[in-house]
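Subject: Structure for you to look at

Dear colleague,

Here is the structure I said I would pass on.

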Amino acid sequence: MITEIAPAPERVAAEPARPGRKRRAWDQVPRWQIYLPLTVYLLFTLIPFYWILLFALRPAGSTSLVPWPMTFEHFEKVWTERSFGTYFTNSVYVGLATLVLTTVVALAGGYALARFDFRLKRGFMLALLCSQFVPGALLLVPLFQIFANLQMINSLGSVVIAETVFQLPLSMILISGFIRNVPYSLEEAAWVDGCNRLTGFRIVVLPLLRPGLIAVGSFAFVHAWNHFLFALMFLSDQGKQTIPVGLNTLMSADSVDLGALAAGGIIAAVPVVIVFAFIQKWLITGFSAGAVKG
């Protein structure tokens, strides 16, 4: 039996505490004890990126520690000769399709988890959490058989479906937490004004879920963009492979083209960095909002 969850009683916001006169322990720490570890961590993080840029921008055979004279021959090589333009297009398709499909399905499931009560709801939530501990490699054989019976092997749709299935449990849990943070009284007010449940959700609740949807969608996009295993197993045609598989083709048992590999790594990383640079504010807001309840 499915019942609708009754709205929680209104809580009176507590009066914010007045700032005390005593200095906090954080303010008493010397500045060098804060900046020195942060500087070491920053160098530890940025040096590998500089090393990748060095191999990608300096001429082949050069041993200079500065990428000068600068060249883009490695980028031209991987983009044209190594078909990275095709890999890039396929990765964009898989990432965007996974983003849309995961967000839409998780939005419907998260709303049901947040607004309705039904039998075995706690068990269902526990099953969603436990599914995150199952590695994707464990299900490769059954997934391959399913897609083979559906004649979807060597199709980008098989990768999109597999990525969506593995992203849905966590996405549903996160979105249900976002929806619980939206006051139930807002939906009730929309119903009083003549809206049905779907219209009230679209007009009232959906605009308030923008940070959460961006967080869930970006997480699904990045995972699909970087995932190597599904694309390797389900795609045999070189013209349908994605960037992670394309990077693997730059390495052989006999030799590794470090310049081309570094250029391909930068091509793979730049779109994700640009996306996160634009949605950073929404991403932090969305994940912090979803962690309050649920």
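The notes below go from the overall fold to single residues.

This is a predicted model, in which local features need pLDDT of at least 70 and side-chain atom pairs count only at pLDDT 80 or more, while totals for chains, interfaces and linings use all residues. Residues are numbered from 1 along each chain as its sequence is written, and side-chain values use heavy atoms, with hydrogens and water left out.

Overall fold

The protein chain has twelve helices and two strands (DSSP runs numbered from the N terminus: helices are H or I with at least four residues, strands E with at least two). Along the sequence, the order is β-α-α-α-β-α-α-α-α-α-α-α-α-α. Of the 294 residues, 36% are buried (buried is under 20% relative accessible area, exposed over 50%, partly exposed in between, with a 1.4 Å probe and protein chains only).

Helix H9 (residues 210-226) is largely enclosed by the rest of the structure, because twelve of its 17 residues are buried. Among them are Pro211, Gly212, Phe221 and Trp225. The end C-alpha atoms of H9 are 24 Å apart, in agreement with the 24 Å that its 17 residues should span at 1.5 Å a residue (the expected span is 1.5 Å times one less than the number of residues).

Salt bridge

A search of the whole structure finds one salt bridge (a side-chain nitrogen of Lys or Arg within 4 Å of a carboxyl oxygen of Asp or Glu). The side chains of arginine 115 and glutamate 187 form it, at 2.6 Å from N to O. Arginine 115 is in helix H3 (residues 84-115) and glutamate 187 in helix H7 (residues 184-192), so the pair ties together parts that are 72 residues apart in sequence. Both arginine 115 and glutamate 187 are buried.

Aromatic rings

There are 13 aromatic pairs (rings of Phe, Tyr and Trp, the last by its six-membered ring, with centres within 6.5 Å; planes under 30 degrees apart are stacked, over 60 edge-to-face, the rest tilted). Tryptophan 79 and phenylalanine 88 make a tilted pair, because their ring centres are 5.8 Å apart and their planes at 55 degrees. Tryptophan 79 is partly exposed at 40% relative accessibility, and phenylalanine 88 is partly exposed at 23%.

Phenylalanine 147 and phenylalanine 234 are edge-to-face, at 5.2 Å centre to centre with 80 degrees between the planes. Phenylalanine 147 belongs to helix H5 (residues 140-149) and phenylalanine 234 to helix H10 (residues 229-234), so this pair ties together parts that are 87 residues apart in sequence. Phenylalanine 147 is buried at 4% relative accessibility, and phenylalanine 234 is buried at 0%. Phe147 and Phe234 form one aromatic cluster with Phe144, Phe166 and Phe230.

Positive phi

Serine 83 has a phi near 60 degrees, a positive value in a residue other than glycine. Serine 83 sits in the loop between helix H2 (73-81) and H3 and is partly exposed, at 25% relative accessibility. Leucine 120 also has a positive phi, of about 60 degrees, although it is not a glycine. Leucine 120 is in the loop between strand E2 (116-117) and helix H4 (121-130) and is exposed, at 72% relative accessibility.

Regards
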